[in-house]
Amino acid sequence: MRRTAATLMTALVALAGTLTAGPVPATAGTAEPAERAAQRVTERSGCLQSVPEPGETAKVDICYTIFKPAGASRKRPVPMVMHSHGWGGSRAELEEVQAFVDAGYGVLTFDQRGFGTSGGHAHVEDPRFEGHDVRRLVRLVARLPWVEQDRPGDPRLGAIGGSYGGGYQYLAAFELLRTRGRPLFDALAPQITWHDLSQSLAPDDVVRTEWALALSAISLLSDALPGTVYKALVEGTVLGTWPDGSVPGTEDMVEFMRRNGPKWHVDHGRRLDIPMLLGQGTTDGLFPLEQGFQNWRKAMTAGARKRSIFVGYNGGHVLPAILPAGTGATGDPCSRRLGGGDFERLNVRFFDRVLKRDGTRLRGLGRMHLATPSGTCTTITSPRANRTRAVGTVATTTSVGAPVAVPVAAGPIRVAGTPYLTGKVTAPGVHNRAFLGLAIGTSPLDARLVQNNVLPLHEPLPVEGKQRRVDLPSVAVDVPAGQHLYLLATAVSDTFVAMGSRVPGVVTIEDAIVHLPVVGRRSAYR
């Protein structure tokens, strides 16, 4: 274990240095030169005190900066936008939120617990820690005399941020709903964030090692995480499964992250009845497209969805997909179609409609708009599968072996939503795994993963002919004429490095049926 830990810590630092892709960054506003705009903005920084760390008595500083736009006053109050950073980041400078300040919004940006100049450790959006932090920040906003109020203690309030900066938004709104009976936030714009953190980091208890290493490396440099989390990462790599405390002396990451996301609130019957602009990366390998679908379908009321927009863009948390080979698509055609620019421009227009109630007209409310790798934008109302295709027997070796591509359908066909696979699984070993996803190509030899993602089929104990439903990654893709859609099965995946089967063997799925979410007139089967 000590040797494994040392090796992992070396890998963490190396991976942190090579991580080159991440959340889609905000772009600065262009209404006027930044120097002139800065002269019109009042900036104030400070820290408030929040709950202590476990076993300690000293309160933790949570530090922030407030940007007050020109003209804002007690007589002319303005709405406020809250912002926070992604994992390993820190609060924004003025140019990073310039578009919102230029549009007449106040902005409060803050360092989350464990990062920047704030104290404590990151508990990964735990209501018992970060929950107190964000509630106290909202209370601070409510006391600013130049911020518009819907009622005493209830500011006109929106929120922005991606990844970890999307996680705090759900945490804050749900915690205020739980403790105050109202979310207080009037609009959210979470990007590339999660619904179920354990399922994101370890689907079917198989760790996304590549991302677990990267996130730990980033936090290792600033000692942001509690030490037990680093220990759990080592344990997960050694044991091959997400630690749940069942092995004596190991950590319980299931319990650690049980409350840390919208799923916990949804499981307790809570839904948010506020408009949202959800952005999710179609090529995101950490918080895949399905995590955004889950938030759209479960974290919001039906009424809120009618006033909201879902945008899937080619981007997000992206690392190279080498084995099996993926694609390198980028771009956001849906934001361009809906708002005339990038996601940030659409975000400002969305807030103008909801927070300012200025009559801004927007296309696409109540629907999900997904970018394909080829740069088109397809609109759906539900990601559910609506077609089936029998593909016979799918078999792959475990531990080692080349990917196997099984034909599913010929182009032209458009698939957008959440596919899955059913069939009778036989796996004679213990902790047998196969990794599955959809691919396109002219033949099995050149088939490449659609938007880079695979999901694991994990059989902890030997099985023979057991009927299973196997999740496949959510996708949005046009398969052109002359190419095929394939089911790709592989023994290894660079996203799940070192998480393949511990014992060589074969995983077989008989009578396999692929269930596809097929869209529009391009849905003809061949």
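**Notebook: a loop residue, a surface patch and a sheet**

I began with Asn-260, which lies in the loop between α9 (253–256) and α10 (262–267). I keep in mind throughout that this is a predicted model.

Next I turned to the surface, where I looked up a nonpolar patch formed by Val-238, Leu-239 and Val-247, with about 200 Å² of accessible area together. Of these residues I checked Val-238, which is found in helix α8 (residues 227–239). Val-238 has 38% relative accessibility and therefore counts as partly exposed, since that class lies between the buried limit of 20% and the exposed limit of 50%.

My last entry concerns a sheet. In what order do the 4 strands of the open sheet stand? I read the order as β13-β23-β16-β20, with antiparallel pairing. The strands β13 (387–397) and β20 (463–471) stand at the edges, and each has a single partner strand, so one side of each is left without a neighbour in the sheet. I also noted that neighbouring strands of this sheet are turned by 20° against each other on average, when direction is ignored.

Looking across to β23, I found Lys-424 standing opposite Glu-510.

Key:
Residues numbered from 1 in each chain as written. Predicted model: local features only at pLDDT ≥ 70, side-chain atom pairs only at ≥ 80, totals over all residues. Heavy atoms only, no water. Pairing = 2+ DSSP bridges. Helix = DSSP H or I, 4+ residues; strand = E, 2+ residues; numbered from the N terminus. Axes fitted to C-alpha atoms, helices over the stretch in contact; angles between N-to-C directions. Patch = residues over 30% accessible without salt bridge, like charges linked within 9 Å, V, L, I, M, F, W, Y side chains within 5 Å. Areas by Shrake-Rupley, 256 points an atom, 1.4 Å probe, with all protein chains shown as cover. Salt bridge = Lys/Arg side-chain N within 4 Å of Asp/Glu carboxyl O. Buried < 20%, exposed > 50% of the residue type's maximum accessible area, 1.4 Å probe, protein only.
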